[in-house]
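Hi everyone, thanks for making time.

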Amino acid sequence: MSRDEQSNIRDDQKNNSREDNRANDSGGLELSQIVFIGRTFEEYMKMFNLTVEEITGKSILDCPGGACSFSSQARKLGADPIAVDIAYEYGIDELEVKGYQDIEHTMKQMEPVQGIYVWDQFGSIQGLKEERTRAITDCISDMRMFPDRYVTSVLPDLPFADEQFDLTLSAHFLFTYADRLHVDFHVATVMELLRVSKREVRIFPTVDLSGERYKHMDELKLILEQRGYAVSEEPTSYEFQRNAHTMLHIVKQN
């Protein structure tokens with residue numbers, strides 16, 4: 001659901017709700033609990049060290065997809081993307097209204113906490129607002145054209161076949177909410193992402209909301225390596241949340 005910007009704002013103001021725990025415990029969320037904000041295609045390409053050649057003609061899973069425009073733009077480049085998110089249980093019109101409201105609310109809250117972000121890419125809060133608006137506009141348009149490519153699911157379970165996707169991307173969920181999601185949930189989710197992937201999974205970032213490296217990262221990497229996966233933490237050219245500039249790259253050895 002790409003909520004980390006608003007979560008950082010709430011955490012900084014000591015007013016952090018427990019949305020993620022409720023999602024995990026209940027298996028569903030009320031629409032009022034969802035913050036429907038997403039990243040642009042260009043942000044995804046930087047976050048995951050992707051090139052156009054790597055995605056053209058590939059089946060790609062974006063999990064969770066939120067209000068991101070990656071699927072929309074990747075589809076235009078010849079990829080076959082599917083986005084999955086708990087939020088997609090709601091109607092497109094509802095999500096559109098909620099998303100634009102969330103952008104307005106988040107931007108109003110950004111002023112006092114600008115220091116926890118790196119503004120090289122966006123320049124200003126207005127620049128950020130324009131990019132977040134562009135992301136949801138593209139996303140909603142694509143959802144209306146390809147509704148079956150936006151699938152509702154609750155992690156760590158995915159309704160897809162083994163090795164259905166060439167590539168799986170997961171942004172701003174795992175590791176980001178290390179304080180709210182138990183290590184067993186992280187392991188189970190990563191294994192599920194690998195189950196549905198033919199070759200690789202890329203997860204961004206490798207830090208939590210405080211900018212600290214996920215405290216169970218070495219344990220997770222060891223588990224994956226013992227199961228035969230190649231695992232690396234790789235620097236990327238993207239950084240908005242301070243210290244969030246590294247992705248976890250997991251590759252099947254077969």
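So, which residues do ring pairs link into a cluster? They're Phe41, Tyr44, Phe48, Phe70, Phe204 and Tyr238. Keep in mind that this is a predicted model.

Staying with rings, a search of the whole structure turns up 14 aromatic pairs. Take Phe122 and Phe240: their ring centres are 5.0 Å apart and their planes sit at 75 degrees, so that's an edge-to-face pair. Phe122 is in the loop between α6 and α7, and Phe240 is in the loop between β6 and β7, so the pair ties together parts that are 118 residues apart in sequence. Phe122 and Phe240 are both buried.

Phe173 and Phe185 are also edge-to-face, at 6.1 Å centre to centre and 80 degrees between the planes. Here Phe173 is in the loop between β4 and α8 while Phe185 is in helix α8, so the parts tied together are 12 residues apart in sequence. Again, both Phe173 and Phe185 are buried.

One more ring: the charged end of Arg75 sits over Phe146, 4.5 Å from the ring centre.

Is β2 largely enclosed, or left open? Enclosed, because 4 of its 5 residues, in the stretch 80-84, are buried. β2 pairs with β1 in the parallel sense over 4 bridges, and the chain gets from β1 to β2 through helix α5 in a right-handed β-α-β crossover. β2 also runs parallel to β3, joined by 2 bridges, with Val84 partnering Val151.

Last stop, helix α7: 21 residues, reaching 30 Å from first C-alpha to last. Its buried residues include Leu128, Arg132 and Met143.

Definitions and conventions: Residues numbered from 1 in each chain as written. Predicted model: local features only at pLDDT ≥ 70, side-chain atom pairs only at ≥ 80, totals over all residues. Heavy atoms only, no water. Buried < 20%, exposed > 50% of the residue type's maximum accessible area, 1.4 Å probe, protein only. Pairing = 2+ DSSP bridges. Right-handed = clockwise from strand over helix to strand, strands pointing away. Expected span 1.5 Å × (residues − 1). Phe/Tyr/Trp six-rings, centres within 6.5 Å; stacked < 30°, edge-to-face > 60°. Lys NZ or Arg CZ within 6 Å of the ring centre and 35° of its normal.
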